[in-house]
Amino acid sequence: MIARLDFTSEAFFRDPPKAIATLRMSGPLVATRFPIVGDVWITTTHDATAQVLKDSATFTLRKEDGDVAGLRWWMPRYVRTIANNMLTMDEPDHTRLRSIVDEAFRRRAIVAMEPRIRAIADGLADELFAKERPADLVQRYARILPLAVISELLGLPLADRPKFIAWANAMSSLTNVVSFFRLLFAFRRMRAYLEQQLQIARVQGGEGLIAELIQVEREGGQITPDEMVSMVFLLLAAGSETTTHLISGSVYELLGNSKLRDWLERDWSRVGLAVEEFLRFVSPVQFSKPRYVWRDVEVEGVRLKKGDRVMVMLAAANMDPAIHDRPESLDLERKPNRHISFGTGIHFCLGHQLARIEAACALEALFVRWPKLRLAVEPSQIRWRRRPGLRAIEKLPVLDDAMAAMSTRRAA
């Protein structure tokens, strides 16, 4: 029996714990139909999720013919090139590519970037209301910060950031097959742009991760030109999109809960603890990529057959009452916090450290600069993008009470 749940509905994104609890009643794995992907099993518990993610020999990202499990036959070659990255690879290719980017990341010292990330966040917070009031926090702050950081980290030109923002907005609009076809043009332009930037780095050198990757390539790193393009695409897209929605989702929760906000503002040394809970509760990445079942296997009493496809539901793992006390509640003091938002196993998120630093800097810079920040609309008017697998607020209009009061006095 196939479970019917609209994973792109407003009701699902507005209250994931309710929908997830209902889904979990059907079992630790549930057969369903997922947008674009089609028929697939999804996990609803922490243990089932962990088993699938850790057993990379049984649950593979490639079919027997080498195709990515989530790709369809009708998708163009350049989409397949972009999708041919380490997140869609099994061993030994995954380790081959992961070791190359790990080496490049080690050379860049992510932790040492925190002062620079905080400076970028401070500057963006200062300019939040420079163009309009109320301001859309998603477009004016949450999207720009991680894009600015990752583009600077990669060594991409500052002047090109408007392109990245436009591409990021296009990716966020992915909701169904029709919107996927609209996205193809953006993918094609992104690929051409990244190929150009890689060639410039090969000829002229430069600063940033792209130059580091080129150096690793020259030192004998085993990576093809197409794999290099998909690697940089992955770093640019994955290094910004999910953090955008972690930041905006966290701000939304704080604006709606004065008690938690006051607790955090009294001592910003607590922000790291808070970010861990936002990672669990907001869960911007709701699902993993589809995996192919390599052999008949049992997962928590559910039999899967060779050839089946399965997706882990990270959001459900994070809401599992067997792991977290009162999982439906946002508790910024939660200890221990066993969220699985960055995955586990060989595909554990490469950028976890960067995402944590960005979220912490973003929250502190924003609320220190605008201590009277508030929603400019009723919470019921906030909408989430109908993109399957990603919990993303569409717009988050905000005002500052002190600023509004000043404007009223001037008008009088």
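User: Before we get to residue pairs, when do two strands count as paired here?
Analyst: Two strands pair if DSSP finds at least two bridges between them. This is a predicted model, and in it S9 and strand S10 (residues 397-400) pair in the antiparallel sense. The number of bridges they share is three.

User: Which residue in S10 does leucine 375 stand opposite?
Analyst: Start from the strand: S9 covers 373-375, and S9 pairs with S10 in the antiparallel sense. Across from leucine 375, the residue in S10 is valine 398.

User: What is the strand order in that open sheet?
Analyst: The sheet has three strands, and the pairing is antiparallel. Its edge strands, each pairing on one side only, are S4 (135-136) and S9 (373-375). Read across, the order is S4-S10-S9.

User: Let's zoom out. How many helices and strands are there in the protein chain?
Analyst: The chain runs to 412 residues, and buried ones make up 56% of them. For secondary structure, the count is 18 helices and 10 strands.

User: Is glutamate 114 buried, partly exposed or exposed?
Analyst: Glutamate 114 sits in helix H6 (residues 114-126). Its relative accessibility is 39%. Buried means under 20% and exposed means over 50%. With its 39%, glutamate 114 therefore counts as partly exposed.

User: And serine 288, buried or exposed?
Analyst: Serine 288 is in the loop between helix H15 (271-282) and strand S5 (291-293). Its relative accessible area is 14%, and the cut-off for burial is under 20%.

User: Which side chain does the side chain of serine 288 join in a polar contact?
Analyst: Leaving aside neighbours within four places in sequence, serine 288 is in contact with Met311 and Val312. The polar contact is 3.4 Å, and the cut-off is within 3.5 Å. The partner side chain is that of arginine 291.

Key: Residues are numbered from 1 along each chain as its sequence is written. This is a predicted model: local features need pLDDT of at least 70, side-chain atom pairs count only at pLDDT 80 or more; totals for chains, interfaces and linings use all residues. Side-chain values use heavy atoms; hydrogens and water are left out. Helices (H or I, at least four residues) and strands (E, at least two) are DSSP runs, numbered from the N terminus. Buried means under 20% relative accessible area, exposed over 50%, partly exposed in between (1.4 Å probe, protein chains only). A polar contact is a pair of N or O atoms within 3.5 Å; within protein, one must be able to donate a hydrogen and the other to accept it, and residues adjacent in sequence count only if both atoms are side-chain atoms. Contact means heavy atoms within 4.5 Å.
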